[in-house]
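Trainee: I would like to learn how to read a model feature by feature. Can we work through one together?

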Amino acid sequence: MEKIVLIGAGYAGFKFMEELKRQNKDKNTEILWLSKENFMTKKWLMDSYIVKDKDEKVIVQVRDFIKEKGINVHWIEDEIETVDTQKKEITGKKGKYNYNKLIIATGSKAKLPRIECAESVKEKITAFNSFYDFKKVKENLKDSKNVAIIGAGPIGFEMSVNLSKKFNVSLIEFELDIMLALLTGKPLYRKITGKILDLRNVHVYTLTRAYKFEQNKLFCDNIETKENFYVPSETIVFAAGVKQNLPVIDGYAFETEKNILICNDFGEAWIRDENGRRKILNDVCAIGDSCYYLNIGNYPASAMFAERSGKNVARNIFQSKCKNKKRLDFNPSLYSKFLDMILRRLRLISLK
Ligand SMILES: Cc1cc2nc3c(=O)[nH]c(=O)nc-3n(C[C@H](O)[C@H](O)[C@H](O)COP(=O)(O)OP(=O)(O)OC[C@H]3O[C@@H](n4cnc5c(N)ncnc54)[C@H](O)[C@@H]3O)c2cc1C
């Protein structure tokens, strides 16, 4: 019997499993699901979660999901360290596992700008990788009046808007404008987002690099004028983008971003190494934040992509010929991204 192994229980992994079940493919296949945490975090609800006084349901237990959906799958909580695609063997902290087909859904992790600080204040600086990081920020905020957010992308923007309801927020951006990656070529929209921050009394510092955190002061310098200044902050949040979060695959590590795991529109994966060489990974697919998506030449890092790629690969994994496989055509317009964002927050898109 064919053995399919999925690594990662994030949104992409959940959607992959949901689709396998929908197609009844869990019946005659051996499926093993591995992940280092036994729950999935609805990350898109987290920026409002950290400012709310009450805790709300932002995680889904894997076992509850398997039971509720009636999926025929073997679940093991383990953190995977290496994958050997020649031997078709996965090594985790708890054990070794073999596969015929492997789906990697290990997500992304936050990029960490270098900030000089004493060991004792490190816990006041947080980057969002897991549910526990959001909990930690929520805890830190209890004793804070001033918050500094580093990175004015969509997460930094939304976080600033939410936190400005209760805190004095400073938003630090290295680039010359906010939301530059998402709103390239759309200066009017960037102006509107800037206006929203202005109305919420968020202090925005563009072309600015934060470099030191000391005595509740975040020291910054302006890249252009070289002016030095500080913003008051008892809590610092990194929202400076994400990178692939992957185990070592065939000896390739991904931490420094020199090697990249790429997937095509069927979800099939390969590695582009630091010298530009291509290493084909037979019977390996990547879904969600864990992959660089060739068709858009970027990391989609979106729940929308996680959902679509998870479903797509679940459909494709049983097709042997290219022509039978479904292509994932993912290049959503700004409007559909915005609509998706709103519907997610209204909980109209969730796990059904
Ligand atoms: C604050 C915030 C707001 C967001 N808002 C939106 C939004 O509005 N709209 C939108 O489209 N997207 C949004 N996103 C992005 C979206 O949430 C992610 O793109 C999506 O959750 C990615 O899902 P994933 O399954 O690929 O990865 P993840 O959710 O990161 O899941 C990865 C899984 O892999 C497991 N794992 C990792 N490493 C290992 C290992 N070595 N061994 C075993 N298991 C491992 C983890 O425990 C986890 O279960 C937001 C993200 C954040 C942080």
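**Reading strands, a ligand shell and cores**

Mentor: Start with the ligand. Helix H1 (11–22), strand S2 (30–35), helix H2 (46–49), helix H7 (303–316) and helix H8 (334–345) each give at least two residues to the shell around the ligand. Helices (H or I, at least four residues) and strands (E, at least two) are DSSP runs, numbered from the N terminus. Residues are numbered from 1 along each chain as its sequence is written. The model is predicted: local features need pLDDT of at least 70, side-chain atom pairs count only at pLDDT 80 or more, and totals for chains, interfaces and linings use all residues.

Trainee: How many residues surround the ligand, and which are the closest?

Mentor: A residue counts as near a molecule if its C-beta atom, placed from the backbone, lies within 6 Å of it. Here 36 residues surround the ligand, and Gly8, Gly10, Ala12, Gly107 and Gly288 are the closest. The shell has 17 nonpolar, eleven polar and eight charged residues. Ala, Val, Leu, Ile, Met, Phe, Trp, Tyr, Cys and Pro count as nonpolar, Asp, Glu, Lys and Arg as charged, and the others, Gly among them, as polar.

Trainee: Which residues of H1 are buried?

Mentor: Buried means 20 or more other C-beta atoms within 10 Å of a residue's own, with C-beta atoms placed from the backbone. In H1 these are Tyr11, Ala12, Gly13, Phe14, Lys15, Phe16, Met17 and Leu20. Their cover includes strand S1 (3–7), S2 and H7. Asn24 follows H1 with a positive phi, near 65°.

Trainee: What should I look for in a strand?

Mentor: In a regular strand the side chains alternate between the two faces of the sheet. Take strand S19 (residues 235–238): Thr235 and Val237 on one side, Ile236 and Phe238 on the other, are all buried.

Trainee: Which strands pair with S19?

Mentor: Pairing requires at least two DSSP bridges between two strands. Strand S12 (residues 125–127) pairs with S19 in the parallel sense over three bridges, with Thr126 opposite Val237. Strand S13 (residues 146–150) also runs parallel to S19, joined by four bridges; there Val147 stands opposite Thr235.

Trainee: And the cores?

Mentor: Nonpolar side chains tend to be buried together in soluble globular proteins. A nonpolar core is a set of buried Ala, Val, Leu, Ile, Met, Phe, Trp, Tyr and Cys residues joined through C-beta atoms within 7 Å. The largest has 47 residues; Val5, Phe16, Ile103, Ile104, Ala269, Cys285 and Ile287 touch the most other members. H1 supplies its largest share, six residues. Apart from it lies another core, of 36 residues, including Tyr49 and Ile149.

Key
A residue is buried if 20 or more other C-beta atoms lie within 10 Å of its own, exposed if 12 or fewer, and partly exposed in between; C-beta atoms are placed from the backbone. Two residues are in contact if their C-beta atoms, placed from the backbone, lie within 7 Å.
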